[in-house]
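Please read the following account alongside the sequence and the coordinates, going from the overall architecture to one helix, and then to backbone, charged pairs and open space.

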Amino acid sequence: MQNLLRHNAERMFYRHKMLTTLSINNPSQRIYKVLQFLKDYHQIIEPFKFLVPFSRQQIANLTALRVETVIRNVKKLEQEDLVRISEGRIYL
């Protein structure tokens, strides 16, 4: 029973975080917050050590944006030194 309650609590927390993130109008902020949430979930603290395990299409699906928008805004985030792109992979 405790495992079931823990699982439900984790799912509710995830949905709450995603709903608040998806309410952000700025696409760069929306993408960055989703990636930051994933990094925090995996408990990685060092900068640019977290390899984002999703393709740009999957990030677009997570953030309710178009793929082209994700590509442009990830480039903007790289120029702002918030993410790094190496060999087509996104590091946060």
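Helices (H or I, at least four residues) and strands (E, at least two) are DSSP runs, numbered from the N terminus. This is a predicted model, in which local features need pLDDT of at least 70 and side-chain atom pairs count only at pLDDT 80 or more, while totals for chains, interfaces and linings use all residues. Residues are numbered from 1 along each chain as its sequence is written, and side-chain values use heavy atoms, with hydrogens and water left out.

The protein chain contains 4 helices and 2 strands, which follow one another along the sequence in the pattern α-α-α-α-β-β. Along the principal axes, its C-alpha atoms occupy a box of roughly 45 × 30 × 20 Å. Of the 92 residues in the protein chain, 27% are buried, where buried means under 20% relative accessible area, exposed over 50%, and partly exposed in between (1.4 Å probe, protein chains only). Among contacts (heavy atoms within 4.5 Å) with a separation of 6 or more, 54% join residues 24 or more positions apart.

Helix H2 spans residues 27-41, and its 15 residues reach 21 Å from the first C-alpha to the last, close to the 21 Å expected at 1.5 Å a residue; the expected span is 1.5 Å times one less than the number of residues. At its start, a side-chain oxygen of Asn 26 comes to within 3.1 Å of the backbone nitrogen of Ser 28. Ser 28 is itself buried, as are Arg 30, Ile 31, Val 34, Leu 35, Phe 37, Leu 38 and Lys 39. The elements that cover the buried residues of H2 include helix H1 (2-22), helix H3 (56-63), helix H4 (67-79) and strand S2 (89-91).

The backbone deserves attention next. Most residues other than glycine have a negative phi. Just after H2, however, Gln 43 takes a positive phi of about 55 degrees, and Phe 48, in the loop between H2 and H3, has a phi near 60 degrees. Asp 81, placed in the loop between H4 and strand S1 (84-86), likewise has a positive phi, near 65 degrees, and at 47% relative accessibility this residue counts as partly exposed.

Which charged side chains pair? Side chains of opposite charge can pair when their charged atoms come close. With a salt bridge taken as a side-chain nitrogen of Lys or Arg within 4 Å of a carboxyl oxygen of Asp or Glu, the count comes to 2. One joins Glu 68 and Arg 66 at 3.8 Å, N to O; Glu 68 is partly exposed, with a relative accessible area of 45%, whereas Arg 66 is exposed, at 60%. Another links Lys 75 with Glu 78, whose closest N and O atoms are 3.9 Å apart. Lys 75 and Glu 78 lie 3 residues apart in helix H4, so about one helical turn separates them, and Lys 75 is partly exposed at 44%, as is Glu 78 at 27%.

Finally, the largest pocket holds about 220 Å³ of space. A pocket is an open set of points, on a 1 Å grid over the protein atoms alone, where a 1.4 Å probe fits, with protein on both sides within 12 Å along at least five of seven lines; lining residues have an atom within 4 Å of a point. H1 and H2 each supply at least two lining residues, and the largest share, 6 residues, comes from H2. The lining includes Phe 13, Lys 17, Tyr 32, Gln 36 and Phe 37, and Phe 37 is also among the buried residues of H2.

Terms used
A polar contact is a pair of N or O atoms within 3.5 Å; within protein, one must be able to donate a hydrogen and the other to accept it, and residues adjacent in sequence count only if both atoms are side-chain atoms. Grid points are joined across faces, edges and corners, and a volume is the space filled by probe spheres set on the points.
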